[in-house]
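I opened this model to look up what surrounds its ligands. My entries follow in the order in which I made them.

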Amino acid sequence: MTNNKTVLSWLDEMAAMTTPDEIVWIDGSEKQLEDLRAEAVSTGEMIQLNQEKLPGCYYHRTAENDVARVEDRTFICTPTEEEAGPVNNWMAPEQMYAKLKALYTGSMKGRTMYVIPYSMGPVGSPFSKIGIELTDSIYVVLNMAIMTRIGQKVLDQLGDSADFVKCLHAKKDVNPDERYIVHFPQDSTIWSINSAYGGNVLLGKKCFALRIASYLGKKEGWMAEHMLILGLENPQGEVKYICAAFPSACGKTNLAMLIPPEYLKEKGYKVWTVGDDIAWLRIGKDGRLYAINPEAGFFGVAPGTSEKTNFNALESAKKNTIFTNVAINNADNTVWWEGLDKNPPEDCTEWTGKLVNGKTYEGKLAHPNSRFTAPAINCPCISSEFENPEGVPVSAIVFGGRRAKTAPLVYQARDWQHGVFVGATMASETTAAAAGAVGVVRRDPMAMKPFVGYNMADYFAHWIEMGKKMDADKAPKIFHVNWFRQDENGNFIWPGFGDNMRVLLWILDRCEGKKDAVESPIGYLPKKEDLDVNNLDIDDATMEELLTVDKAVWLEDVENQEQYFAQFGDRLPKEIKEELETLKKNLSK
Ligand SMILES: Nc1nc2c(ncn2[C@@H]2O[C@H](COP(=O)(O)OP(=O)(O)OP(=O)(O)O)[C@@H](O)[C@H]2O)c(=O)[nH]1
Ligand SMILES: O=C([O-])CC(=O)C(=O)O
Ligand SMILES: [Mn+2]
């Protein structure tokens with residue numbers, strides 16, 4: 001399929017190490033993919049679902065110890081430890097290569113190696129980058145075929161160039177003690193072994209489009225971020241674009257596909273989805289910031305997705321979708337998860353596949369991090385700009401997370417530098433998207449803690465630099481939101497989901513200078529009357545609470561921020577220190 005010497009010699013080297021019985025190039029044709037689906041069904045790797053109700057849909061379950069990203073086994077192997085920085089695991093490249101070579105040696109014996117050429121971003125777009133993933137998993141091939149642009153057209157685009165990311169994945173025996181997700185940014189190389197879970201093995205996604213890409217972005221003057229991209233259309237038909245960074249399982253997919261409350265819909269407001277997880281951002285010729293979604297599909301969290309909460313995601317997952325670790329409704333061979341509807345089907349197979357109507361994992365039939373892999377083109381509200389190779393101009397950047405207390409519903413940063421600080425001080429309760437404890441508050445700057453491919457302090461500096469390259473009136477305005485504030489009984493006090501539109505409208509009004517705001521120690525808060533709560537069942541006291549900044553709670557948080565920043569030592573940009581001092585001063589006034 002190619003005469004590219006760099007590709008072919010790398011492939012030879014990898015094949016000599018892993019010794020597959022066969023090597024199959026993925027050309028991207030439907031025929032080849034259909035044959036692979038049939039093969040995966042025949043070996044039990046996938047189950048074909050009800051083809052009338054869910055045409056083209058398949059089911060896959062992973063090993064029980066392999067259901068989420070594994071941050072403690074994810075490494076950034078830069079030449080020096082300082083380059084990886086204190087929030088990443090690091091090992092010297094030669095040492096890591098040696099360790100992994102031992103694991104990979106012979107790992108594909110008796111198996112087939114698939115060669116997947118793929119493009120992150122529309123093929124040929126100036127934003128786009130190419131990768132080639134070698135894998136011994138059909139599940140990976142079929143997921144990559146949904147999540148990225150694959151096949152011959154990508155090799156044609158690559159031509160003789162050596163500019164591609166070399167990705168190697170071997171499923172091996174999914175032994176968690178020998179599981180490694182490893183990045184060599186300087187070599188544009190990713191090696192993943194002993195996992196078959198999406199976030200660890202679909203190497204175009206987190207590994208390339210965030211970790212390697214963030215490193216390339218720093219070097220080349222652009223940004224790779226854990227952000228959704230949405231277009232908000234007003235009744236006049238004008239569309240403004242918003243990017244939002246929330247940590248894993250904190251609402252990006254939901255916000256990206258939001259359906260406005262009925263009365264705003266009637267007025268003519270609409271939301272268009274450009275991306276739900278990753279944004280690549282570049283400064284355009286006009287000096288504004290432009291975003292593309294490098295992906296071609298959604299790898300979305302299933303639990304909590306319902307017709308009411310996220311109709312568009314559900315619609316997206318009705319055909320040509322792969323479901324992973326959800327429950328199966330045996331009555332009609334369809335899928336089920338907590339939150340899809342009220343009651344689980346009577347005859348149901350839980351995600352582990354072992355127990356039918358028996359003991360369940362923490363009382364759940366679907367794994368909390370069960371996912372659907374759906375083509376973006378299935379989405380009823382996919383943006384007409386989804387394939388635009390130039391991207392969309394960004395009016396606002398929104399940071400957010402799960403905070404039971406502390407963060408108000410929404411506030412605006414005073415300027416870009418303060419906005420970078422707001423992003424850098426993000427914190428959120430952990431979720432099931434990564435292995436480990438759930439519900440623990442941890443600092444997650446820009447939602448990139450698990451995804452930054454170099455020293456986080458340098459990443460902050462890069463953000464500051466990018467701001468300096470844009471005129472203040474052209475740079476996106478920066479905001480922070482929190483849909484997850486709780487009352488003393490642990491109930492969310494903001495209705496969330498479609499009603500988040502009300503907050504987006506305030507954000508865009510602020511971008512256009514249409515609304516005043518109230519100054520607070522942490523930034524600009526909305527005036528209560530400026531947040532549209534028409535037809536919303538929420539009382540004044542609750543709105544008040546949602547917009548409260550409790551100085552005592554914030555002072556505690558600032559202490560934690562300061563401790564967190566201490567790990568970066570002298571590398572922490574002075575601008576971040578300045579903002580921390582300003583915040584302290586504001587809070588003690
Ligand atoms: N209470 C509340 N829950 C929400 C809201 N938005 C999303 N959720 C829930 O949060 C969970 C994760 O939401 P997603 O939109 O899939 O999260 P994500 O940020 O796209 O996650 P990743 O794919 O892991 O990066 C789901 O169970 C949602 O139902 C909201 O506004 N309020
Ligand atoms: O990578 C994954 O497994 C899914 C994802 O979007 C995240 O965890 O943020
Ligand atoms: Mn994500």
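**Ligand 2**

I listed the residues near ligand 2 (a heavy atom within 4 Å of it): R69, Y197, G199, K205, K206, H226, S248, D277, F299, R371, A433 and F451 surround this ligand. The model is predicted, so I note that local features need pLDDT of at least 70, side-chain atom pairs count only at pLDDT 80 or more, and totals for chains, interfaces and linings use all residues. Residues are numbered from 1 along each chain as its sequence is written, chains are lettered from A and ligands numbered from 1 in the order in which they are written, and side-chain values use heavy atoms, with hydrogens and water left out.

I sorted the shell around ligand 2 by class and found four nonpolar, three polar and five charged residues. In this scheme Ala, Val, Leu, Ile, Met, Phe, Trp, Tyr, Cys and Pro are nonpolar, Asp, Glu, Lys and Arg are charged, and the others, Gly among them, are polar.

Next I looked up polar contacts (N or O atom pairs within 3.5 Å). An oxygen atom of ligand 2 lies 2.5 Å from a polar side-chain atom of S248. For the side chain of Y197, the distance from an N or O atom to an oxygen atom of the ligand is 2.6 Å. For a polar side-chain atom of R69 it is 2.8 Å. Ligand 2 taken alone exposes 260 Å², of which the protein buries 99%; these areas come from the Shrake-Rupley method with a 1.4 Å probe.

**Ligand 1**

I counted 22 residues around ligand 1, the closest being A249, K252, T253, N254 and R371. A polar side-chain atom of R371 is 2.7 Å from an oxygen atom of ligand 1. From the backbone, a polar atom of A249 lies 2.7 Å from a ligand oxygen, and an N or O atom of G251 lies 3.0 Å from one. Ligand 1 has 670 Å² of accessible area on its own, and the protein covers 91% of it.

**UniProt record**

The record places a "binding site" feature at K206, H226 and D277. These three span 72 residues in sequence, yet no two of their C-alpha atoms are more than 9.5 Å apart, so they gather at one spot.

The record also gives "binding site" at A249, C250, G251, K252, T253, N254, R371, R402, F497, G498, D499 and N500. This set is spread over 252 residues of sequence and also in space, up to 24.1 Å between C-alpha atoms.

How values were computed
Polar contact = N/O pair within 3.5 Å; in protein donor to acceptor, adjacent residues only side chain to side chain. UniProt positions renumbered as here; feature names shortened; annotations may be inferred.
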